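Good morning, and thank you for coming.

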Amino acid sequence: MDELNSFVVVANRLPVDMTVHPDGSYSIEPSPGGLVTGLSPVLEQHRGCWVGWPGTVDVAPEPFRTDSGVLLHPVPLSAHDFEGFYEGFSNATLWPLFHDLIVPPTYNADWWTSYRQVNLKFAEAVSQVASVGATVWVQDYQLLLVPGILRQMRPDLKIGFFLHIPFPSPDLFRQLPWREEIVRGMLGADLLGFHLTQNAENFLTLAAQVAGTAGSHTGQPDELVIEGAVEVRGVGASVHTPDGRTVGVGAFPISIDTSVATGASSRRKREFRQELGDPDIVFLGVDRLDYTKGILQRLLAFEQLLESGALDPRRTVLLQVATPSRERIEHYRLSRSQVEEAVGRINGLYGRMGHPVVHYLHRSLPKSELQVLYGAADIMLVTPFKDGMNLVAKEYVAAHSEGDGALVLSEFAGAAAELTEAYLCNPFDLESIKRQMIAAAQDLRNNPESARSRMRANSRQVHEHDVNVWASSFLTCLEELDHQ
């Protein structure tokens with residue numbers, strides 16, 4: 001008999017890393033992130049349950065509790081599931097579509113079948129562990145069908161859904177052959193949350209255009225009436241359905257746990273800069289190695305600034321941390337090849353013996369080491385072509401609450417709507433990136449009070465709207481909708 005829970009989080013991944021050893025045994029380590037931080041207090045308060053994939057194919061542990069009392073309920077996936085559902089439909093169809101077709105999405109019917117089957121598997125797992133009237137919070141683009149399936153299975157549940165990546169314009173989304181099923185799956189929720197007002201408005205427009213034309217297999221209505229406008233941090237619009245349900249739609253910008261983003265000691269930062277050759281300017285990039293992140297463009301901008309003499313290669317370094325990501329997918333392999341070719345070329349042209357001008361790490365770093373990098377870097381480069389939020393930008397800002405440092409930020413990152421005192425750039429325009437890199441460097445050197453004022457304003461924004469505000473505001477709105 002499965003243990004029943006009044007609060008359930010369902011996400012593609014469990015908040016653990018599972019390693020299978022050659023003898024068939026396995027070990028499990030916690031992998032805390034922003035989502036884990038935001039939801040852990042709620043899960044602990046309710047002794048709640050987290051449903052997700054453990055990260056390994058064809059093997060999964062039995063449900064178990066963490067030290068803080070949270071129940072982890074693994075959903076096993078086969079290698080076929082992983083290829084079709086995760087590498088295929090989630091990351092070669094939905095990911096590029098939701099990121100404005102930076103690369104062309106692939107529309108594959110077999111992948112769609114896998115995606116539906118795996119979403120059903122997740123929904124069945126939730127149904128087994130959720131008590132009567134439980135609150136279920138579904139996370140992100142891998143599980144867009146879960147709310148609709150759960151609505152059919154368990155109409156007693158309160159269901160929230162949050163999308164952690166951008167939601168595209170309706171014109172782009174309508175390319176998707178299975179657009180009606182996806183929209184109706186999302187509309188199984190009582191509350192739909194997005195990072196930005198524009199994302200929520202895109203969904204509302206799309207729902208009005210396509211949701212009424214789908215079949216009724218998800219249990220959703222044949223027609224929809226859209227009313228209202230969307231406001232930040234609250235439910236400002238809703239979809240009223242003929243069957244009497246109201247689906248709230250709102251913008252809830254996610255943030256970080258500022259209590260752990262305190263930066264490193266002054267001594268450790270000095271030591272780190274000495275390891276880099278004690279340069280005048282340290283630029284930093286920290287990203288998954290993903291084609292949406294604009295890593296190559298910032299390298300090219302850096303190269304051109306060195307070539308023109310605007311930056312001195314003897315007194316400047318760029319440190320790029322590129323975490324491995326989805327390396328079996330062709331576009332990701334190509335991105336890595338292009339980035340590493342650029343790193344080699346720049347170092348060959350401008351580096352010195354024992355002193356590369358670009359320091360490149362293609363691996364994950366623990367949070368403690370990242371805090372050292374954040375604290376030691378003069379200028380953070382966050383230049384994605386498109387990003388739902390980008391918490392790295394907020395982590396860097398939180399590590400500079402004294403006002404030192406500068407942030408060069410893409411205007412197409414969700415964080416740009418909140419970190420308005422960053423040096424905003426157009427990542428599609430190398431000249432724009434270069435201008436803002438130089439502006440940040442010149443302000444730090446020649447106009448430090450202006451730079452400090454800008455960073456302090458961004459820091460206040462991050463500290464006043466942390467991850468706890470995000471989680472509590474969403475769940476409060478979900479509770480209020482239930483009582484309307």
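**A predicted protein chain and its open sheet**

Of the 484 residues in the protein chain, 57% are buried, where buried means under 20% relative accessible area with a 1.4 Å probe, protein chains only, exposed means over 50%, and partly exposed lies in between. This is a predicted model, in which local features need pLDDT of at least 70 and side-chain atom pairs count only at pLDDT 80 or more, while totals for chains, interfaces and linings use all residues. Residues are numbered from 1 along each chain as its sequence is written, and side-chain values use heavy atoms, with hydrogens and water left out.

The protein chain has 15 helices and 18 strands; these are DSSP runs numbered from the N terminus, with at least four residues (H or I) for a helix and at least two (E) for a strand.

Let us turn to the open sheet. In which order do its six strands lie? The order is S15-S14-S13-S16-S17-S18, with parallel pairing; two strands pair if DSSP finds at least two bridges between them. At the edges are strand S15 (358-361) and strand S18 (423-425), each of which pairs on one side only. On average, neighbouring strands of this sheet are turned by 20° against each other, direction ignored. Within the sheet, eight parallel bridges link strand S13 (residues 281-288) with strand S14 (residues 316-323), and Val-282 is placed opposite Val-317 in S14.

Helices also pack on this sheet. Helix H11 (residues 367-376) touches S13, S14 and strand S16 (379-382), and its direction makes about 140° with that of S13. Helix H13 (residues 430-446) touches S13, S16, strand S17 (406-410) and S18, and its direction makes about 170° with that of S18. Such angles run from 0 to 180 degrees between N-to-C directions, with axes fitted to C-alpha atoms, for helices over the stretch in contact.

Next comes strand S12 (residues 246-251). Why is S12 largely enclosed by the rest of the structure? Five of its six residues are buried. Strand S9 (residues 191-194) runs parallel to S12 and is joined to it by four bridges, with Leu-192 opposite Val-249 in S12.

Finally, consider two residues of strand S7 (residues 130-139). Ser-131 is in this strand and counts as buried because its relative accessibility is 17%. Gln-139 also lies in S7, and its relative accessibility is 1%, so Gln-139 counts as buried. The side chains of Gln-139 and His-164 are joined by a polar contact of 2.7 Å, that is, a pair of N or O atoms within 3.5 Å, one able to donate a hydrogen and the other to accept it.

Terms used. Contact means heavy atoms within 4.5 Å.
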